[in-house]
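The following exercises concern the structure shown below.

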Amino acid sequence: VSSGEEPVNWNGFMTAQGGFSGFADVQVEQSSLTRPGSTGTKSARVWTRDAGFNVKANGNLTLGKINMGSISASDPANYNFTETGNADHSEAFTDMPDSIVFWVDYTAADGMQEARMKATLHDDYDYRDPEDAAAADHVVATAELNYSPTGGWVRMAVAFDYSGPASSVDYILVTFASNAVP
């Protein structure tokens, strides 16, 4: 990943859509820091940035696409979504795993912040996270974790909760955010 590029199969603000996408900036980069025991040589670094006007823009890395609909991070017009008609912004997936495993080395600006990972298995629908009432009907399972600064590389495993209401797995939407609170 070069400067201004996003990791293969992953998306950040550089490919976002929405009325505020013109204010997007690079918030993901390639890093040479890797977890212990890895044969890989790169990882993705995601960070929060000062967007001006006393606004902090959370770092966001997703298998879907980011919709930037508002300057207020908690506004429902801001969400990630599976764009089922676009292979660059969706991840077809038909398995039913018991958990998702990932490694993180998370440092926060202050020790009180938490980062977030959420994975949602869903049916053939442009599912969005955070979900609205319509998206909730298409969920098969979710795995979600808010986590504190790690002080180095830590392996995380999060179980999927298969509580539905949907039952056909067609896609997975995974999001990593530098702050659990929008």
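**Exercise 1. Determine which residues form one aromatic cluster with Trp-10, and describe the pair of Phe-102 and Phe-176.**

Step 1. The cluster consists of Trp-10, Phe-102, Tyr-106, Tyr-147 and Phe-176. The model is predicted: local features need pLDDT of at least 70, side-chain atom pairs count only at pLDDT 80 or more, and totals for chains, interfaces and linings use all residues. Residues are numbered from 1 along each chain as its sequence is written, and side-chain values use heavy atoms, with hydrogens and water left out.

Step 2. Rings of Phe, Tyr and Trp (its six-membered ring) pair if their centres lie within 6.5 Å; planes under 30 degrees apart count as stacked, over 60 as edge-to-face and the rest as tilted. By this rule there are seven aromatic pairs.

Step 3. One of them joins Phe-102 and Phe-176, with 5.2 Å from centre to centre and 75° between the planes, and is edge-to-face. Phe-102 belongs to strand β8 (residues 99-104) and Phe-176 to strand β13 (residues 171-177), so this pair ties together parts that are 74 residues apart in sequence. Strands (E, at least two residues) and helices (H or I, at least four) are DSSP runs, numbered from the N terminus.

**Exercise 2. Is Phe-102 buried or exposed, and which residues have the most contacts inside the largest nonpolar core?**

Step 1. Buried means under 20% relative accessible area, exposed over 50%, and partly exposed in between (1.4 Å probe, protein chains only). Phe-102 and Phe-176 are both buried.

Step 2. A nonpolar core is a set of buried Ala, Val, Leu, Ile, Met, Phe, Trp, Tyr and Cys residues joined through side-chain atoms within 4.5 Å. The largest such core has 22 residues, and those with the most contacts inside it are Ile-100, Phe-102, Met-117, Ala-119, Tyr-147, Phe-160 and Val-174. At least two residues of this core come from each of β8, β9 (115-122), β11 (139-147), β12 (154-159) and β13.

Step 3. Contact means heavy atoms within 4.5 Å. Leaving aside neighbours within four places in sequence, Phe-102 has contacts that include Met-117, Leu-145, Tyr-147 and Phe-176.

**Exercise 3. State the order of the four strands in the open sheet and explain why one side of β5 has no neighbour in the sheet.**

Step 1. Two strands pair if DSSP finds at least two bridges between them. The order is β5-β13-β9-β11, with antiparallel pairing.

Step 2. β5 (60-62) and β11 stand at the edges with a single partner strand each, so one side of each is left without a neighbour in the sheet. Neighbouring strands are turned by 10° against each other on average, direction ignored; the axes are lines fitted to C-alpha atoms, for helices over the stretch in contact, and angles run from 0 to 180 degrees between N-to-C directions.

Step 3. Eight bridges link β9 and β11 in the antiparallel sense. Thr-120 stands opposite Thr-142 in β11.
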